[in-house]
Amino acid sequence: MSAATREGVSARRERLLGEAPGAFAVARFVRVTPQKARRIGDLIRGLEVDEALALLKFAPQAVSENFYKLVESAVANAETTEGLSRTSLVISLVQVDDGPTMKRWRPRAKGAANRILKRSSHLTIVVTPANQTTTSTTSKNPPRKNRVGGTPSGKG
């Protein structure tokens, strides 16, 4: 199905891709902290699909297995719904959002209790063809130049 014949688009697809070709996959309520998941998400953002899968296969972090399955799912979605080739796909967006936090209590000395927070995450991967991917340098806020110290004019 091409972007021109797409009907009944979900709000999530509209938000993530708009009219651009590509596909996405979402894993919700993954029992890993968002901080740990973002470390792996930052590693694979912008990589080609095969390169990202090779990196995830040998990464020692536990969440890399979840990301591996998620990338495979996004690629399968792109191949079946959009008819895209696996070799041309690039991971264009990786989102790691906070999921619900379970609150537990650990007994301590003298009748006290410490709070244990068991965090969870929602993981989202978007894959697009390599020629459709926008680079991060064309974002709203490009990196500032000549900001080693002081003011831009050099005084101060």
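Student: At what angle do helix 2 and helix 4 pack, and how far apart are their axes?

Tutor: This is a predicted model, in which local features need pLDDT of at least 70, side-chain atom pairs count only at pLDDT 80 or more, and totals for chains, interfaces and linings use all residues. Residues are numbered from 1 along each chain as its sequence is written, and side-chain values use heavy atoms, with hydrogens and water left out. Axes are lines fitted to C-alpha atoms, for helices over the stretch in contact, and angles run from 0 to 180 degrees between N-to-C directions. Here, helix 2 and helix 4 pack at an angle of about 50°, and their axes are 9 Å apart. Angles under 35 degrees count as roughly parallel, over 145 as roughly antiparallel, 65 to 115 as roughly perpendicular and the rest as oblique. Helix 2 is therefore oblique to helix 4.

Student: Which hand does the crossing of helix 2 and helix 4 have, and which residues make the contact?

Tutor: A crossing is left-handed if the near helix is turned anticlockwise from the far one by less than a right angle, and right-handed if clockwise. The crossing of helix 2 and helix 4 is right-handed. Contact means heavy atoms within 4.5 Å. Helix 2 contributes Lys36, Ala37, Ile40, Gly41 and Ile44, while helix 4 contributes Val63, Ser64, Phe67 and Val71. In composition, the contact of helix 2 with helix 4 has six nonpolar residues, two polar and one charged; Ala, Val, Leu, Ile, Met, Phe, Trp, Tyr, Cys and Pro count as nonpolar, Asp, Glu, Lys and Arg as charged, and the others, Gly among them, as polar.

Student: How are helix 3 and helix 4 arranged?

Tutor: Their packing angle is about 155°, with the axes of helix 3 and helix 4 lying 9 Å apart. Helix 3 and helix 4 are therefore roughly antiparallel to each other, and their crossing is left-handed. Val49, Leu53, Leu56 and Lys57 of helix 3 meet Ser64, Phe67, Tyr68, Val71, Glu72 and Val75 of helix 4. The residues of this contact comprise seven nonpolar, one polar and two charged.

Student: What secondary structure does the protein have, and in what order do the elements run?

Tutor: Helices (H or I, at least four residues) and strands (E, at least two) are DSSP runs, numbered from the N terminus. The protein has four helices and five strands, and from the N terminus on the order is α-β-α-α-α-β-β-β-β. Residues 24 or more positions apart account for 69% of its contacts with a separation of 6 or more.

Student: Which residues touch the most other members of the largest nonpolar core?

Tutor: A nonpolar core is a set of buried Ala, Val, Leu, Ile, Met, Phe, Trp, Tyr and Cys residues joined through side-chain atoms within 4.5 Å. Buried means under 20% relative accessible area, exposed over 50%, and partly exposed in between (1.4 Å probe, protein chains only). The largest core has 28 residues, of which Ile44, Phe67, Val71, Ile91, Leu123, Ile125 and Val127 touch the most other members. At least two residues of this core come from each of strand 1 (23-30), helix 2 (34-44), helix 3 (49-57), helix 4 (63-82), strand 2 (89-98) and strand 5 (121-129). Helix 4 gives the most, with seven residues. Beyond its neighbours within four places in sequence, Ile44 is in contact with Ala52, Leu55, Leu56, Phe67, Val71, Ile91, Val94 and Ile125.

Student: Is Thr124 buried or exposed?

Tutor: Thr124, a residue of strand 5, counts as buried because its relative accessibility is 8%. Residues up to four places away in sequence aside, Thr124 touches Leu16, Ala25, Val26, Leu70, Leu93, Val94 and Gln95. Across the 156 residues of the protein, 31% count as buried.

Student: Where are Ala62 and Arg39 found?

Tutor: Ala62 is in the loop between helix 3 and helix 4 and is exposed, with a relative accessible area of 65%. The C-alpha atoms of Ala62 and Val32 are separated by 8.6 Å, although the two residues are 30 residues apart along the chain. Arg39 lies in helix 2 and is exposed at 54% relative accessible area.

Student: What is the phi of Lys110?

Tutor: Phi of Lys110 is near 60°, a positive value in a residue other than glycine. Lys110 belongs to the loop between strand 3 (102-107) and strand 4 (113-118), and at 87% relative accessibility it counts as exposed. Phe29, in strand 1, also is not a glycine and has a positive phi of about 60°.
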